[in-house]
Structures are given as C-alpha cells and as structure tokens.
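Have the viewer open while you read.

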Amino acid sequence: MLPCLLAACAAGSDPKPAAHRTSWDGQVKAWGALRAMFHEGQTGPTVSLATLLPDPDLFAVGALAGLAGEVTVLEGRVYLSYPAGETARTETPARTDAAATLLVASRVPAWRPVTTREAIRFEQLDDAIAALATSAGIPGERFPFLVEGDVEDLQWHVIDGTRLPAGTTSHQDHLEAAVKGKRDRGPATLVGFYSEKDQGVFTHMGSRTHIHCVVQGPVATGHVDHVVIPAGSIVKFPVLAEE
C-alpha cells in the first residue's frame with residue numbers, strides 16, 4: 001500500500017503567457033510507437049517540432065528521428081540531447097527543424113501543484129503518480145505531469161542509434177547503446193506522461209509512465225531510468241479547462 005503522499009492541492013494555478021488554444025489542450029497526443037521502433041525498425045520522422053512551435057504551453061518528450069538523441073520540450077522551450085562519444089551534448093535552440101520518431105506531447109496552459117509528504121522511490125512511481133492524480137481530481141487514463149525540486153539518485157540516458165544492432169531490437173539493446181548521465185542529488189524538472197493503455201506506444205511494457213529530466217549546471221536532458229523523489233517535492237497536474 002502506498003504511503004500518504006498528498007500534503008496539499010493548491011486551489012490556484014501557475015499563470016502562463018497567452019497562447020493560441022487548440023482542441024487538444026490538456027490532452028495527450030502521440031506520434032510514432034515504441035513497438036514500431038523495437039520490432040519493425042521504424043525510426044524515421046513522424047512529426048516535425050516546427051509544426052508544434054512556437055507554443056509556450058507545449059510540454060513533450062521523445063526520441064529524435066534516426067534515434068539520433070532525445071528531445072524534451074518544457075514550456076515551449078526545446079532541449080535536444082545528442083550522444084557525443086561517451087557523453088552527451090544538449091542544445092536549446094530558439095528555433096528548430098528537428099523531427100522526432102517518437103513524441104508524446106500536451107498543451108498545458110495552467111498547472112495545479114501538489115506537495116508530497118513521503119519520498120517516492122522509482123519502483124513506486126507509477127502507483128504514486130496515479131494516486132496523486134486521483135487526489136488532484138484528474139480524470140481519464142492519460143495525462144501529463146511535472147515534478148520540480150531536488151531529486152535523488154537521478155539516472156538518465158540519451159539514445160545513440162548508431163550503436164544499435166541491425167534488425168529487431170529490445171529495450172535492453174537501447175539502454176546498452178545509450179550514453180548515460182546521473183546526478184546524486186540536485187534540482188531537476190521531470191516532464192512525464194502517464195497512461196493506463198499505452199504500453200508499447202509511449203510507455204515500455206510493464207510501465208505506465210514515460211519521463212524525461214531537465215537539469216542545469218551544465219544543462220542536460222534525457223530519458224529517466226531511475227529517480228527518488230523526496231518528501232516535500234512539487235508534483236503538478238493540468239488544470240482542466242472547465243475549472
């Protein structure tokens with residue numbers, strides 16, 4: 001059983017710059033699929049970031065076309081991470097023509113913050129996010145979320161498609177072909193998407209979340225493989241349009 005994670009759910013929301021609203025505000029959209037990448041070798045472009053930007057309300061995570069690296073979008077700001085030998089380099093271009101082979105995105109004009117009482121270990125994360133979302137009144141089976149604040153034992157990877165074997169690949173193959181990064185403790189923003197029904201689409205089999213991190217000093221982004229979220233961290237969920 002999960003510990004009591006919810007401390008408070010603020011009635012207000014974070015103000016955001018005005019943006020053109022679309023029919024998918026607060027909804028989750030996905031381009032590409034993990035199963036196609038792994039089992040069919042489909043790594044070509046499925047969406048151009050230029051078709052979604054500029055948009056200060058856009059949040060997204062995914063993999064670049066050709067598995068050339070990772071992409072994270074936070075408040076409309078793009079973070080592109082590319083393998084560079086045994087490390088990775090991250091770019092934050094003002095404009096980009098980059099394309100993704102897998103992208104999960106949502107437009108969120110306003111967020112509702114929730115403060116956790118107990119630490120959340122990585123093995124608890126899916127259940128904890130589901131419980132916090134229910135407490136925050138989030139309906140549905142798919143939604144984005146943010147985690148902000150100091151985290152512990154943060155580990156991430158940046159895919160390197162040039163290191164992958166030809167033909168059918170597995171999740172483990174992708175991890176072995178990736179460049180790894182880690183922070184023992186420090187501030188980070190985690191951009192995540194939760195779904196009850198998208199295993200093999202944008203969550204791995206056995207998982208209900210797909211999460212990227214953005215860290216500073218130096219700036220880096222990638223797919224989160226492990227993290228511990230301490231008590232007192234801020235988890236944010238979308239404010240629904242009708243609220």
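Of the 243 residues in the chain, 51% are buried. Keep in mind that this is a predicted model. The chain has 3 helices and 14 strands. If you look at contacts with a separation of 6 or more, 76% of them involve residues 24 or more positions apart.

**The nonpolar cores**

Which residues touch the most other members of the largest nonpolar core? In this set of 29 residues, they are Ile-129, Phe-143, Phe-145, Leu-154, Leu-190 and Phe-237. At least two core residues come from each of helix H2 (125–135) and strands E10 (142–158), E11 (179–195), E12 (209–215), E13 (220–228) and E14 (234–238). The top contributor is E10, with 7 residues.

Beyond its neighbours within four places in sequence, Leu-190 is in contact with Phe-145, Leu-146, Val-147, Leu-154, Ile-211, His-212, Cys-213, Val-224, Val-227 and Ile-229. Apart from this core lies another one, of 23 residues, which includes Val-61, Trp-111, Phe-193 and Phe-202.

Thr-189 sits in strand E11. Is Thr-189 buried or exposed? Its relative accessible area is 15%, so Thr-189 counts as buried, the cut-off being under 20%. Setting aside residues up to four places away in sequence, Thr-189 touches Leu-74, Val-147, Glu-148, His-212, Cys-213 and Val-214.

Helix H2 has its own buried set: Leu-125, Asp-126, Ala-128, Ile-129, Ala-130, Leu-132 and Ala-133. After H2 comes Gly-137, with a positive phi near 80 degrees.

**Rings around Phe-143**

A search of the whole structure turns up 3 aromatic pairs. One of them is Phe-143 with Tyr-194, a stacked pair with 4.9 Å from centre to centre and 15 degrees between the planes. This pair links distant parts of the chain, since Phe-143 is in strand E10 and Tyr-194 is in strand E11, 51 residues apart. Phe-143 and Tyr-194 are both buried.

Why is the pair of Phe-143 and Phe-237 edge-to-face? The ring centres are 5.9 Å apart and the planes are at 70 degrees, so the pair is edge-to-face, a label for angles over 60 degrees. Here, too, distant parts of the chain are linked, with Phe-143 in strand E10 and Phe-237 in strand E14, 94 residues apart. Both Phe-143 and Phe-237 are buried.

**Two hairpins in a row**

Strand E5 (residues 70–74) pairs with strand E6 (residues 77–84) in the antiparallel sense over 5 bridges. Within that pairing, Val-71 stands opposite Leu-80 in E6. E5 and E6 form a hairpin with 2 residues between them, and Glu-75 in the turn has a positive phi of about 55 degrees.

E6 also pairs with strand E7 (residues 87–91), again antiparallel and over 5 bridges. Tyr-82 has Arg-89 in E7 as its bridge partner. This hairpin of E6 and E7 has 2 residues between the strands, and Gly-85 in the turn has a positive phi of about 70 degrees.

**Backbone spots to check**

| Residue | Phi | Relative accessibility |
|---|---|---|
| Leu-67 | about 50 degrees | 4%, buried |
| Asp-153 | about 45 degrees | 27%, partly exposed |

Leu-67 lies in the loop between E4 and E5, while Asp-153 is found in strand E10.

Where are the cis peptide bonds? The bond from Leu-53 to Pro-54 is cis, with omega near 0 degrees, and Pro-54 lies in the loop between strand E3 (47–48) and strand E4 (58–64). Another cis bond joins Gly-217 and Pro-218, with omega about -5 degrees. Pro-218 is in the loop between E12 and E13.

Finally, take a look at Lys-29, which lies in strand E2 (residues 29–31). Lys-29 is partly exposed, at 34% relative accessibility. The C-alpha atoms of Lys-29 and Val-104 are separated by 5.8 Å, although these residues are 75 apart along the chain.

Key. Residues are numbered from 1 along each chain as its sequence is written. This is a predicted model: local features need pLDDT of at least 70, side-chain atom pairs count only at pLDDT 80 or more; totals for chains, interfaces and linings use all residues. Side-chain values use heavy atoms; hydrogens and water are left out. A nonpolar core is a set of buried Ala, Val, Leu, Ile, Met, Phe, Trp, Tyr and Cys residues joined through side-chain atoms within 4.5 Å. Buried means under 20% relative accessible area, exposed over 50%, partly exposed in between (1.4 Å probe, protein chains only). Helices (H or I, at least four residues) and strands (E, at least two) are DSSP runs, numbered from the N terminus. Contact means heavy atoms within 4.5 Å. Rings of Phe, Tyr and Trp (its six-membered ring) pair if their centres lie within 6.5 Å; planes under 30 degrees apart count as stacked, over 60 as edge-to-face and the rest as tilted. Two strands pair if DSSP finds at least two bridges between them.
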